[in-house]
Amino acid sequence: MSINDFKPEVWTSSSNGALKVSLVTENAVTFSPQFTYPIYGDSEQIFGYKDLTIHLVFDAITLKPFVNVKYSQKLDEDADDIEAKLLEFLPKDDIIIKDEAKWISAFEKERIEYALPPDKFKISEYKIENDEYVVYKVPLGNEQTKKMHLRIQILSLLYIEAASYIEADDPNWEIVWSFNKNTKECAGYVTTYRYWKYKGGKNFDENDNLKYRGKISQFLVLPPYQGKGHGSKIYSAIYNNWLTDSTIAELTVEDPNESFDDLRDRCDLTTLYESGVFESIPEAFPIDETWIDETQQKFKVEKRQFNRLVEMMMLKTEH
Ligand code: ACO
């Protein structure tokens, strides 16, 4: 050992830098996480290794996961057990550790049987850069969706601030997937939930048509697909699906971040513009509450979001 080896910083790595996430088809695409504090603690630091790399790899089609931790030296007594910490967040009997050949043969075998979800779950299709994508909304109770979500849900922790795992056995959860129609690769997923919306005693007694709130909980476009329009297409698919669902009264979003707010504003404004709402804003100020309530309910946009949209529409139309 040299004198340098007694400095703690030599044995300390940033967990955001050490963890490498990859999606593998013929080639591997590798990217870094945004957050690792749910796994490695608030300081996002790992102690006890030199030249540490933690590979978290997914088959891009079946999402079968593989973990391999590599380093040049380890402080045997004091080193953090990084593999165990990561494995707490991955499906126990499904993950393959270290043995790459075993992982490849496992996902190759799974790919033979693998099919995209049945057509009854399809809610939309879209095209980006000559590739066709299909959006499905599948109940979490569906076996294949449950298995794939258990494999990939760790990405919600790594890319969405303050995300936590959803209750896998609650039947109100549905997962929205976007898959490449030809290669079957996954481009992103969204966890959505149906909440019962209590509309007041009178409405409740008179109306047997129960109304739900559709909530977008975790929305993730996988990093190689970000910034190409997938987010807008997936959001619009969910919105249009709920708009035509008579049991859904309103669409809500759980803790949207700034980039999601931007995406949602752009999509909602496009919908309102294309439906002629920009031209129908009443001239008189303050804006008639009845118009606000009726339009907000017709487009199933929650009140706070609708008020924001009205302000933006007024700027555009120079009210
Ligand atoms: N070429 C170039 N740029 C494009 C194209 C294109 N063809 N299509 C869209 N863009 C631009 C958009 O104009 C937009 O630009 P802006 O950032 O300047 O507004 C930007 O790309 C993003 O739009 P999309 O591509 O539609 O969005 P994306 O697919 O990247 O999805 C999202 C956005 C969901 C935020 C994604 O980046 C993501 O998953 N990030 C990590 C996780 C996250 O933050 N999720 C949201 C958390 S909040 C919640 O879960 C409720």
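This is a predicted model: local features need pLDDT of at least 70, side-chain atom pairs count only at pLDDT 80 or more; totals for chains, interfaces and linings use all residues.
Trainee: Before we start, what are the ground rules on numbering and confidence?
Mentor: Residues are numbered from 1 along each chain as its sequence is written. Local features need pLDDT of at least 70 and side-chain atom pairs count only at pLDDT 80 or more, while totals for chains, interfaces and linings use all residues.

Trainee: Is asparagine 240 buried, exposed or partly exposed?
Mentor: Asparagine 240 sits in helix 8 (residues 230-243); helices here are DSSP runs of H or I, at least four residues, and strands are runs of E, at least two, numbered from the N terminus. Buried takes 20 or more other C-beta atoms within 10 Å, exposed 12 or fewer, with C-beta atoms placed from the backbone. Asparagine 240 has 13 C-beta neighbours inside 10 Å, so call it partly exposed.

Trainee: How are helix 8 and helix 9 oriented to each other?
Mentor: Their axes come within 10 Å and cross at roughly 60°. Angles under 35 degrees count as roughly parallel, over 145 as roughly antiparallel, 65 to 115 as roughly perpendicular and the rest as oblique. Helix 8 and helix 9 are therefore oblique.

Trainee: Which element gives the most to the side of domain 2 that touches domain 3?
Mentor: Domain 2 covers 116-255 and domain 3 covers 257-319, with bounds from an automatic or database domain assignment. Their contact takes 15 residues from domain 2 and nine from domain 3, counting C-beta atoms within 7 Å, placed from the backbone. Helix 8 and strand 15 (248-253) each give two or more residues to the domain 2 side. With seven residues, the top contributor is helix 8.

Methods: Axes are lines fitted to C-alpha atoms, for helices over the stretch in contact, and angles run from 0 to 180 degrees between N-to-C directions. Two residues are in contact if their C-beta atoms, placed from the backbone, lie within 7 Å.
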